[in-house]
Amino acid sequence: MSHFVKTVIAVAVCVFALQAEADSIRGFIQKQSGQRQLFVQREDGSLLLVKLVGTTPSVQSDINMLKSGDYMVARGSLTKFTANIDSIESIGLRALVGMWATPKAEVYDFQDFTRLTLYLPNETRSRIVKAGEFNYSIAPDQGTRYQFFLSKSGSVTVGSLEFRKSHLVLNVIDPSTGNSSPDIVLSPLARPIH
């Protein structure tokens with residue numbers, strides 16, 4: 001084999017390896033016997049259940065925070081039995097989906113893993129009215145905190161959220177000043193039965 005052919009094969013193998021490492025992997029988490037597994041939808045529509053493995057200790061720590069029913073979008077490589085995760089791009093937290101209220105009767109309705117509707121009380125506080133619809137995404141942060149991205153009409157607001165014992169704490173950074181807002185403390189509300 002000529003040196004040129006060997007070089008072409010080596011480059012092709014490196015490119016293929018880089019592409020394999022850069023695969024987008026998405027699916028739902030299943031926690032079983034303390035291990036996290038991922039239901040991945042393949043191109044043919046079938047589901048593949050694979051073991052989740054973080055390629056670094058920090059990624060593995062982020063994986064260990066996920067619970068059954070959470071959704072994950074990540075970068076890594078996928079084999080028949082394992083998803084080797086290099087980085088987590090975003091997550092959908094099942095525990096977040098639903099309605100949450102502040103002590104001031106502001107209601108945050110996390111409709112699913114990407115849509116949020118905000119309701120505010122009217123002047124007499126006799127009812128709440130829709131104040132806006134937003135898209136949001138969440139990414140792992142440190143400890144039990146998550147990065148929070150809120151967008152509407154091209155503008156993006158960033159912040160953090162953290163689950164505490166019986167409530168959720170949301171902190172938003174003012175994009176014009178860079179200052180953090182006072183913590184928004186949210187308690188869960190029961191979803192109405194349709």
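Does T117 count as buried or exposed, and at what relative accessibility? T117 counts as buried, at 1% relative accessibility. Buried is under 20% relative accessible area, exposed is over 50%, and partly exposed lies in between (1.4 Å probe, protein chains only).

This is a predicted model, in which local features need pLDDT of at least 70 and side-chain atom pairs count only at pLDDT 80 or more, while totals for chains, interfaces and linings use all residues. Residues are numbered from 1 along each chain as its sequence is written, and side-chain values use heavy atoms, with hydrogens and water left out.

**View 1. The whole chain.** The chain holds two helices and 13 strands. Helices (H or I, at least four residues) and strands (E, at least two) are DSSP runs, numbered from the N terminus. Of the 194 residues, 31% are buried. The accessible surface comes to about 12000 Å², and carbon and sulfur atoms account for 57% of it. Accessible areas come from the Shrake-Rupley method with a 1.4 Å probe; for residues, only the protein chains shown count as cover.

**View 2. T117 and its surroundings.** T117 sits in strand β8 (residues 115–121). Its side chain makes a polar contact of 2.5 Å with that of Q111. A polar contact is a pair of N or O atoms within 3.5 Å; within protein, one must be able to donate a hydrogen and the other to accept it, and residues adjacent in sequence count only if both atoms are side-chain atoms. Residues up to four places away in sequence aside, T117 touches V107, Y108, D109, Q111, K130, G132 and E133. Contact means heavy atoms within 4.5 Å.

**View 3. Strand β12 between its partners.** Strand β12 spans residues 168–172, and five of its five residues are buried. L168, L170 and V172 are on one side, V169 and N171 on the other. β12 pairs with strand β11 (residues 155–163) in the antiparallel sense, over five bridges. Strands pair if DSSP finds at least two bridges between them. β11 and β12 form a hairpin, with four residues between them. G159 has V172 as its bridge partner in β12. β12 also pairs with strand β13 (residues 184–189), antiparallel, over three bridges. There, L168 stands opposite L186.

**View 4. Q41 in strand β2.** Q41 belongs to β2 (residues 35–41). Q41 is exposed, at 57% relative accessible area. Leaving aside neighbours within four places in sequence, Q41 is in contact with R26, S46 and L47. Q41 and I25 are 16 residues apart in sequence; their C-alpha atoms are 9.1 Å apart.
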